Every structure is written in C-alpha cells, then in structure tokens.
Amino acid sequence: MYYNTFQIHNPQKLGKVLIMLQSMKDSSSIMRLLMFGAGVVIIVAGLKAFADVLSPAIMAVFFSLLCVPLYQWLQRKGLGSGLALLVMVLLLLAIFIGLGWLVMSSFTVLLETLPTYTANMQAEVGNIAHSVSGLLDAEQVQRVGNDVVALLSGMARGGLTTAVNLVAVGLVILVLLVFIISESSKYPARLKRGLGEDNELLSNVNDFRDSLIHYFVARIKVNTVTGVGVLIMLLVAGVDAALLWAVLAIFLSFIPYFGLIIAAAPAVILAFAQFGLPMAVAIAVGYLIINQIIEQVVAPKVIADDISLSPAVTFFALFFWGWVFNFLGVMLAAPLTVLVIMILSNYPETRWLAIMATADEGKEKEKEGGD
C-alpha cells in the first residue's frame with residue numbers, strides 16, 4: 001500500500017531510488033569482476049611458481065582419463081581391482097620402457113654418427129655457397145652456413161640430455177598415474193559429497209571428462225595414421241632413425257598447428273646431412289602433404305567438435321600454457337583451455353568470455369536449421 005502511494009505521488013524520487021539501486025548493482029558486478037581478475041592473476045602466478053611440480057601431476061591426470069576406462073573394463077571382465085591394477089602397471093611399464101629404449105638407443109646411434117653428419121652438412125653448405133656465388137657473397141654464405149651447422153651439432157649433443165630429462169619426467173608421471181588409477185573408483189563419490197548431488201558443476205565435469213576422452217582417443221587414432229605415413233616416407237627415403245621421428249610426429253601432433261612442423265625439423269635436417277638439399281626439400285614437402293591430408297580429410301571424419309576453440313584462442317593458449325608449464329603445457333594447451341572455459345561458463349560475470357573463446361557458430365546454425 002505504501003509503495004503504491006509512493007509510486008503515484010513521488011515518481012521523481014522513485015526514479016532516483018531506482019537509478020541509485022541500479023548503480024549499486026553495477027558497482028557490485030564490477031567489483032566481483034575485479035576480484036575475479038585478481039584471483040586469476042594470483043592463480044596463474046602460483047601455477048607458474050610451482051610449474052615443475054604441477055605439470056607432471058596435470059599430465060598424469062589427463063592420462064588417467066584414458067587409462068581409467070581400460071582399468072574399469074578389466075574389472076568388468078572379472079579381474080579383481082588388485083589384478084586389474086597390476087595389468088595396467090605392467091602395460092604402462094612396457095610402453096614406458098619401450099619408448100625410453102627407442103629414444104636412448106636412437107640418440108646414441110645419432111651421436112656416434114654426428115661427425116659424419118657434420119662433415120656432410122659442411123660440404124653441402126660449401127656446394128650451396130658455390131652455386132649462389134654469382135648472386136651472393138660466397139664467403140659470407142659459407143660462414144653463415146658453418147655457424148648454422150655448429151649450432152645444429154650443439155643442439156644434437158644437448159638432445160641426449162633433453163631426452164634423459166623427459167624420461168625422468170615420464171617416470172614421475174607414471175608413478176602419479178598408478179596412484180590416480182588405484183583410487184579412481186572413489187573420485188565420483190567424493191565429488192558428489194563435495195559438490196552435492198544436484199550441482200550443475202558436477203554435470204559439467206562429467207561432460208568435460210567424456211568430451212576429453214573422446215578427443216584424446218580420436219586424436220590418438222589420427223596421430224597414429226600421421227606417424228605411419230611419416231614412417232613409410234622416411235623408410236623409403238632412407239633417413240636414419242625413422243621410427244624415432246615417426247613416434248615424435250605422433251606425440252607432437254597433439255599440438256595444434258605447430259606440432260607436425262616441429263616434428264619435421266629433425267628429420268629434414270637429418271635428410272639434409274645424409275643426402276643434401278634436394279632430399280631435405282622433398283622430405284619437408286612430404287610432411288606438408290601428410291599434414292594436409294590428415295588434417296583436411298582424416299581428422300574431420302574422426303574428431304568431433306566436442307572441443308571447439310576459436311583459432312585465435314588456440315594460438316594464445318599455446319603460448320600461454322607453454323609459458324606457464326613449458327613443453328607439457330604446450331602439449332595440453334587445448335584441454336586445459338577447455339577446462340578454463342568450462343569454469344568460466346558457470347558464472348554469469350564470466351560467461352561471455354567462455355562464449356567468445358569457443359568456435360560453435362556451426363553448431364548454432366545446425367540447431368537453428370533443425371528448429
């Protein structure tokens with residue numbers, strides 16, 4: 001009754017009150033947004049500070065999304081939890097030992113042959129300098145080429161140290177992975193107790209897990225086809241350590257846009273050292289053709305749009321997560337970004353950021369067409 005009288009007889013005062021209330025609401029929203037931004041800065045600083053500890057743990061968590069379904073499948077086949085875990089440990093150890101042996105043995109052979117590769121590259125650089133002597137200063141070309149050869153030789157020697165470090169990190173990830181798998185059956189109940197049975201975030205976590213498993217399984221299939229194509233090409237060309245470069249292509253193809261380019265670099269350099277510039281160019285073109293066939297023909301048929309990031313966000317994610325977690329961050333840039341988007345979409349103040357980061361226009365058009 002009083003409010004109706006006030007509204008009729010004091011419209012100007014009521015307008016001022018409404019404006020003041022709206023201003024207070026806007027200020028509250030801005031403060032919440034500022035506090036959210038400050039929290040993000042603090043979280044990123046903490047992730048960066050403890051990157052050496054957190055990056056293997058995060059990698060183990062993502063690998064567990066692939067291993068836990070297999071572990072549960074073994075249990076459904078009648079194996080007890082202890083025996084199923086033992087089978088998983090033996091399988092993971094076999095993969096780890098096989099990859100470690102491949103890397104160490106290949107690098108050992110490459111380092112033993114490094115003087116021959118260096119001499120061949122220097123001779124090839126001399127031939128190139130002689131060929132362009134009419135256009136460029138041959139001595140300068142020779143000098144630059146020798147500097148590049150020396151740099152590549154130093155990088156090759158340091159490659160063994162890098163490989164050893166990666167094997168050590170892999171061992172840490174393997175141990176963490178075993179512990180995560182052993183407790184995997186308890187996590188759903190813990191999430192329900194912590195979040196509540198009807199919490200929307202619980203449903204989003206399950207959706208994210210399913211999408212991520214689908215993405216990783218599909219990506220592994222596509223990357224395996226890529227690796228087989230690279231292996232056949234390098235074996236036909238006679239490039240040394242072909243199996244190592246094929247496995248490298250499988251792993252690095254998880255990195256959007258740049259992965260196969262990075263994987264191609266050592267094989268192209270080795271082809272140059274073994275056979276000269278024409279073969280190196282042919283190998284580079286071969287990588288490009290394989291990449292185009294896989295990404296334009298095979299990948300769209302195998303990988304769904306469950307993880308759909310805009311290209312700009314994907315590029316930013318590569319550099320950002322690489323800065324935070326180094327190489328492991330680059331490998332997991334896409335799923336980590338999707339996880340952040342899932343969190344942003346659960347809050348009204350940041351939902352617009354999640355919408356801006358996704359590339360789902362095609363899905364929206366399909367829905368409109370269906371309606």
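A residue is called buried when its relative accessible area is under 20%, exposed when over 50%, and partly exposed in between (1.4 Å probe, protein chains only). Accessible areas come from the Shrake-Rupley method with a 1.4 Å probe, and for residues only the protein chains shown count as cover. By this definition L99 is partly exposed, because its relative accessible area is 31%. The model is a predicted one, in which local features need pLDDT of at least 70 and side-chain atom pairs count only at pLDDT 80 or more, while totals for chains, interfaces and linings use all residues. Residues are numbered from 1 along each chain as its sequence is written, and side-chain values use heavy atoms, with hydrogens and water left out.

L99 belongs to helix α4. Helices (H or I, at least four residues) and strands (E, at least two) are DSSP runs, numbered from the N terminus. Together with L70, W73, L91, I95 and F251, L99 makes a nonpolar surface patch of about 490 Å². The most comes from α4, which gives three residues. Patches are made of residues with over 30% relative accessible area and no salt bridge; like charges are joined within 9 Å, and nonpolar side chains (Val, Leu, Ile, Met, Phe, Trp, Tyr) within 5 Å. A salt bridge is a side-chain nitrogen of Lys or Arg within 4 Å of a carboxyl oxygen of Asp or Glu.

The second largest pocket has a volume of about 1,600 Å³. Its lining has 49 residues, and those closest to the centre of the pocket are F208, L339, V340, M342 and I343. Two or more lining residues come from each of α2 (11-49), α3 (51-76), α6 (138-182), α7 (187-195), α8 (200-237), α12 (311-331), α13 (333-344) and α14 (351-357). Helix α3 gives the most to this lining, with ten residues. By type, the lining holds 40 nonpolar, seven polar and two charged residues. Ala, Val, Leu, Ile, Met, Phe, Trp, Tyr, Cys and Pro count as nonpolar, Asp, Glu, Lys and Arg as charged, and the others, Gly among them, as polar. A pocket is an open set of points on a 1 Å grid over the protein atoms alone, where a 1.4 Å probe fits, with protein on both sides within 12 Å along at least five of seven lines; lining residues have an atom within 4 Å of a point. Grid points are joined across faces, edges and corners, and the volume is the space filled by probe spheres set on the points.

Helix α13 also contains L336, which is buried with a relative accessible area of 6%. The C-alpha atoms of L336 and A317 are separated by 8.5 Å, and the two residues are 19 apart along the chain. E183 lies in the loop between α6 and α7 and is partly exposed at 30% relative accessibility.

A119 is in helix α5 (residues 114-131) and is partly exposed, its relative accessible area being 41%. Its C-alpha atom is 8.3 Å from that of A273, at 154 residues apart along the chain. A265, in helix α10 (residues 259-275), is partly exposed at 35% relative accessibility.

The loop between α8 and α9 (242-252) contains A241. Phi of A241 is near 55°, a positive value in a residue other than glycine. Most residues other than glycine have a negative phi.
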